[in-house]
Amino acid sequence: QHDALLAQVARLKHRFRTQAETLVHGDFTCGSVFVGKTSLKVIDAEFAGFGPHGFDLGIMLGSLMLHYCAAAAKSEPAAKEQQQYLFSQIKQLLISYQELLVQQLAQCRDVLLSNPEFQQQLQQDALKLAVGMAGCEIIRRIYGAFPAACLQQLPLAQRPQAQLQALALGQRLILQHSHCT
């Protein structure tokens with residue numbers, strides 16, 4: 001399974017590096033978004049560039065899923081409510097992304113690119129990439145140079161459980177991303 005995981009990560013990395021389809025933030029995590037009563041601000045655009053559709057969606061999904069895993073490891077009563085809230089946010093993010101992508105594609109005036117079958121395939125490819133990238137983000141934020149703060153802030157006794165759950169989720173997302181519909 002280790003070789004299969006590495007092969008899928010290599011495919012995702014190749015797609016990120018070779019498919020400059022849209023402008024991407026590059027590090028679109030929960031920590032890059034400030035939500036006020038009447039405004040929303042996205043910060044830390046130093047990694048912005050061009051990449052494939054679904055890349056930023058995947059990074060944000062991974063970030064939300066890490067928070068979900070951290071909440072699952074907590075024993076306080078509010079943790080279940082936090083998990084339910086995060087689950088609803090993940091679901092809403094996927095719905096909103098789909099709606100926005102459909103709106104953007106509807107504005108396309110190119111005869112070939114406005115083909116419904118092509119647009120459906122583009123949407124499916126974006127979702128598959130997002131799921132794979134979510135898995136990569138989860139694993140990167142456990143093993144990488146910048147660990148997820150939501151996991152690091154857990155009490156030491158609860159952290160391994162959350163990290164193991166997150167790693168298993170990340171691996172599953174990477175290995176099965178190409179089967180998403």
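Predicted model: local features only at pLDDT ≥ 70, side-chain atom pairs only at ≥ 80, totals over all residues.
Local features need pLDDT of at least 70 and side-chain atom pairs count only at pLDDT 80 or more, while totals for chains, interfaces and linings use all residues. Residues are numbered from 1 along each chain as its sequence is written, and side-chain values use heavy atoms, with hydrogens and water left out.

Helices are DSSP runs of H or I with at least four residues, numbered from the N terminus. Axes are lines fitted to C-alpha atoms over the stretch in contact, and angles run from 0 to 180 degrees between N-to-C directions.

| Pair | Angle | Axis distance |
|---|---|---|
| H1 (residues 2-18) and H4 (residues 116-143) | about 120° | 10 Å apart |
| H2 (residues 55-73) and H3 (residues 78-106) | roughly 165° | within 8 Å |
| H4 and H6 | roughly 150° | within 7 Å |

**H1 and H4.** The angle of about 120° between H1 and H4 makes H1 oblique to H4. Angles under 35 degrees count as roughly parallel, over 145 as roughly antiparallel, 65 to 115 as roughly perpendicular and the rest as oblique. In H1, Val 9, Leu 12, Arg 15 and Phe 16 meet residues of H4 that include Asp 125, Leu 129 and Met 133; contact means heavy atoms within 4.5 Å. This contact of H1 with H4 has six nonpolar, one polar and two charged residues. Here Ala, Val, Leu, Ile, Met, Phe, Trp, Tyr, Cys and Pro count as nonpolar, Asp, Glu, Lys and Arg as charged, and the others, Gly among them, as polar.

**H2 and H3.** The axes of H2 and H3 cross at roughly 165°, and the two helices are therefore roughly antiparallel to each other. Among the residues making the contact are Leu 57, Met 60 and Tyr 68 of H2, and Leu 86, Phe 87 and Tyr 97 of H3. The contact of H2 with H3 divides into 15 nonpolar, four polar and no charged residues.

**H4 and its surroundings.** At the start of H4, a side-chain oxygen of Asn 115 lies within 2.8 Å of the backbone nitrogen of Glu 117. H4 has 28 residues and should span 40 Å at 1.5 Å a residue, which agrees with the 41 Å between its end C-alpha atoms; the expected span is 1.5 Å times one less than the number of residues.

H4 also packs against H6, through residues including Val 131, Gly 135 and Ile 139 of H4 and Ala 166, Gly 170 and Leu 173 of H6. That contact of H4 with H6 has 12 nonpolar, five polar and no charged residues.

Cys 180 is in the segment after helix H6 (159-176). Leaving aside residues up to four places away in sequence, Cys 180 touches Leu 127, Lys 128 and Val 131. Cys 180 and Lys 128 are 52 residues apart in sequence, with 5.7 Å between their C-alpha atoms.

Technical notes
Polar contact = N/O pair within 3.5 Å; in protein donor to acceptor, adjacent residues only side chain to side chain.
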